[in-house]
Amino acid sequence: MEDDSVFYTDRSGRITSNPLLDELPSYQSLLYRRKQPIAGTKRRKDSRGRSSLSGSLKRSVSTINRIEERQKSQMEQRAIRELPISMAEKRRHKEERLGEHQGLSSWGQWRQNTRRSLKRLRDDAREFFSSMKLWRRDIHQIEGMFGTGILSYFSFLRFLVALNLIIFLLMFSLVMLPIIVAPHASGNVTYNQRDGGNCSIYPSTARRGLVNFHQHISDLLSGEGFLEQTLLFYGYYKVDKIHFPKVNSTYNLALAYLLATVAYLLLSLFWIVKRSATGFKRHLVQDEDRFQSFCNKIFAGWDCCISNENAAKLKRSSLLYELKTDLEEERIKQKIAERTRKDKCRIYFLRAILNLFVIGVLAACFYGIYVATNLSQEAEINKTKVNFITDLIYEYLPSIVITLANFITPLLFSVIINYEDYSPAFEIRFTLMRCVFMRLTSIGVLLFSLWSKITYCGRDKSCGCGYNHELYSCWETRVGQEMYKLTIFDFIIIAAVTLFVEFPRKLIVKYSQCGLAKWWGQQEFAIPQNVLEIVYGQTICWIGTFFCPMLPAICTIKYFFIFYIKKVSLIKNCRPATRPFRASSSHFFFLVVLLIGLFLASLPIAVSLAQISCSKACGPFVNYTTSWEVLPVTVSQMPEGAKKLLFALSSEAFAVSFFVVTCLAMFYVIALAGAHKRVINQLREQLATEGRDKRFLIQKLCQAQNNQPVKRSKFQPRSPRSPSSPSYHTSFSSNVSESVFLAHSPPKSSTHV
Amino acid sequence: MVASKGPGCGPTPDLLFGSGLLLSRYFISDWAALIKKKKAFARRWNSDGPVVSELESSDMGNKQTIFTAQQLDAYQDCTYFTRKEILRLFYRYRDLAPQLVPLDYTNQPDVKLPYELIGSMPELKDNPFRQRIAEVFSEDGEGNMTLDDFLDMFSVLSEMAPRDLKAYYAFKIYDFNNDDFICKSDLEKTLNKLTRNELTEDEVKMVCEKVIDEADLDNDGRLSLEDFQNMINRAPDFLSTFHIRI
């Protein structure tokens, strides 16, 4: 820092060197702005150092009165409770305003009164709705014990419960309700005719004869047997159109099914984007964490919601850890800047090898999933029944392999990343991205292997019905069953891991004395892994809802129970993570991962709708080649005007021009943001140079004052006073003309207007 | 139309019952604890007798005798709380010292609770800045709070207060020497309170330097209110951490 002789503090911390600083226009305008809401009455005794100046400022009150009045009228518009003043002054303010309102006309008064009561109503409604929120008290308790990082996980879970419920209501009202209501409303249901070809044979899968108890369990867990031809799966919806004679209209169920699918995907997209809008803005456009990480930690680091001594201790140690990590990162950055060329080559080579290794591991996992799916499908088709447990294992083989892969690969990735020598923040993000990729593509691989079996009819044969009708007479139901199995298995695994791994771990750590237990330590609530778990479940739900319309309801119930399981496990078993997870960036991270899941889920659905021929033996799309065909057929049956409009909207000309316009808008906005950033940097530099100029000029002025003893009679009063700490208010009061002179100039040059 | 059923199909009821029992065992203990807490909570409130039952019987608070209607109105306008919350906060304030705080505030008694009682509230007792918070919001600057100050404090710290208002008070809180600037010594005191003096001297100095580097715009070596507010606008966590739920 440059020569700081202009500012030096005495032992009490007050800056006492130069009275000229207090006469500067910028400081005066600061004081005006601060005195603004109070207008000269009693104020809190919190600026003991500067309050003595208020006396001297009264002399210049006349010159600033008009400015105050102008500001007061501007401030009138602000609500009273937003003003930073004490309660007594707020009340006085309110009475003033009320007094003013009495002077208004009755129309004005009525308007004010309605505005106030509307505001009151809005506050009450907001309180009512927030008290209706699910799990408000539980989340409050968790927030108090573990802070806002873990809280964000649980509110994310609550969001998913709401999302799944809405998706289920959508599917229910558009698809299931008409079928249920039809007999009661005397609707005429047209079923899909079985045209007798061998494509439309659908053997019944209900069990006959004496059935063992354990077969019911295996049916419940795998969605076969008695569950296969129920409302649960796609195959049940053989309805084509429902005609309601009372209102003389036809309900096209096939179209409704298709549109419901598209609708729930779009609804999820809009809701997630809306929820992430604020976090996104902060994260992408500003991204100030790199630039003020220390400020954020010190001024916004302590979580005031913590009301538990242990949590406070842990928060303190985590803040300490964060600060030390940041200082460490600074040192590492310096180290990286000092790397030689040889070091760089070595590190890049190492990174390339490790990335290849990672790709190899991923490929091996995907191949394992492919093989497991094939085995499982073959066992089902050949109907080889060994015994209950082995059958169940064959059914669940893909799920088991996926879960194992998802368990091992994060451990592997976190070991590998240590050798790649990145900065700590980047390490965390990169490992997370790898885990996300692993989890979400494993579902894609499962579906891909299923489809390759469905559309494979023999080595050189093309499929007669567009799919392998001998093995999969209703392939959508089969895919739905796989998704159902994945969901159930996921839930069982989460419950089992909590019961059989976390609780015993806590008991062992608490009661055992051996060193191994102490080294293992108590469970930490790892937020990223838990979030990936539920995003994985939600992706399965999105993919599966088309094939299994009741899956969202099952997922709602599943997440409902998972909330309680996780909460109990958190409170009883876990200690908060030593590596703290910041609430703001985590909010954004959850929603980004969820969006990735949504995009990856819409791919298989798009392929099923548009590419693969739908089953001819079941489902609402029997009369069409592919599921998507319903839409063009319906459009062609619409009146001419609507048909022309829809054709125009879906033509290439419109799509290309829309795309071009969107690209242009995006480039413009990006360019604007870049320009703003440059302007901000320039202004920042300018401010810094102005500050330096100001200090330089003040120094020169001080020197000039010291060098001119003749004209110094005004400033001499300084010496008779105590030499160590000249109090500036006395020098002020003795230089009446001086202060008045200077006080007159601010209104022209002050910066507060 | 129901799918064709053969004989002997359908899950047996005891399967469902068994799984329900297994799951519920783990929730019942949690719910039992919650119910116990609710009962304890209700018992504490009911110790005040008739006034509380009046509060509970009339949602609109028409029959409550603690404040006049104008007082409640004024509080609603001057804070971010609804009527119910204001009354609830009054009871929290009274619980700190039932013998000092009268049940009748219609004639505006001048009651101040000493800082020790305020600082021992569960919401504040673990906060390293509780003394500064009490000092900033109290009228006398020593931490002894009247009911007005109490309501004001929790209103600013509630989730509905806007960012600028919170930033203003946060600045006051971190300004230990009350000179309207956060200088290096203020920063050192803040850091030491946050970490309980567990950083070394060098580290403290480095951190303070970095903070001033990051936030000081007019380059005078200390943070003014404008610098601070500018910095807070770019701190995404501030609204959620500078918040006490009561």
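Which residues in H17(A) do Leu220(A), Leu221(A) and Ser222(A) in H9(A) meet? In this predicted model, the three residues of H9(A) are in contact with Gln481(A), Tyr484(A), Lys485(A), Ile488(A) and Ile492(A) in H17(A). By class, this contact comprises five nonpolar, two polar and one charged residues.

Two packed helices are described by the angle between their axes and the distance between the axes. Helix H9 of chain A spans residues 213-222 and helix H17 of chain A spans residues 475-511. Their axes come within 8 Å and cross at roughly 100 degrees. Because angles of 65 to 115 degrees count as roughly perpendicular, H9(A) is described as roughly perpendicular to H17(A).

Chain A also contains an open sheet of three strands, arranged in the order S1-S2-S3 with antiparallel pairing. Strand S1 (188-191) and strand S3 (249-252) of chain A form the edges, each pairing on one side only. Neighbouring strands of the sheet are turned against each other by 20 degrees on average, direction ignored. Strand S2 of chain A, residues 239-244, pairs with S3(A) in the antiparallel sense over four bridges. Opposite Asn252(A) in S3(A) stands Lys241(A).

The model has an ipTM of 0.74 and a pTM of 0.69. For chain B, the mean pLDDT is 79, and 74% of the residues reach 70 or more. In residues 1-10 of chain B, pLDDT stays under 50, and the model has 14 contacts beyond four places in sequence for this stretch. Over residues 44-61 of chain B, pLDDT likewise stays under 50, with 22 contacts beyond four places in sequence.

Technical notes: Residues are numbered from 1 along each chain as its sequence is written. Chains are lettered from A and ligands numbered from 1 in the order in which they are written. This is a predicted model: local features need pLDDT of at least 70, side-chain atom pairs count only at pLDDT 80 or more; totals for chains, interfaces and linings use all residues. Side-chain values use heavy atoms; hydrogens and water are left out. Two strands pair if DSSP finds at least two bridges between them. Helices (H or I, at least four residues) and strands (E, at least two) are DSSP runs, numbered from the N terminus. Axes are lines fitted to C-alpha atoms, for helices over the stretch in contact, and angles run from 0 to 180 degrees between N-to-C directions. pLDDT is the predictor's confidence in each residue, from 0 to 100. Contact means heavy atoms within 4.5 Å. Angles under 35 degrees count as roughly parallel, over 145 as roughly antiparallel, 65 to 115 as roughly perpendicular and the rest as oblique. Ala, Val, Leu, Ile, Met, Phe, Trp, Tyr, Cys and Pro count as nonpolar, Asp, Glu, Lys and Arg as charged, and the others, Gly among them, as polar.
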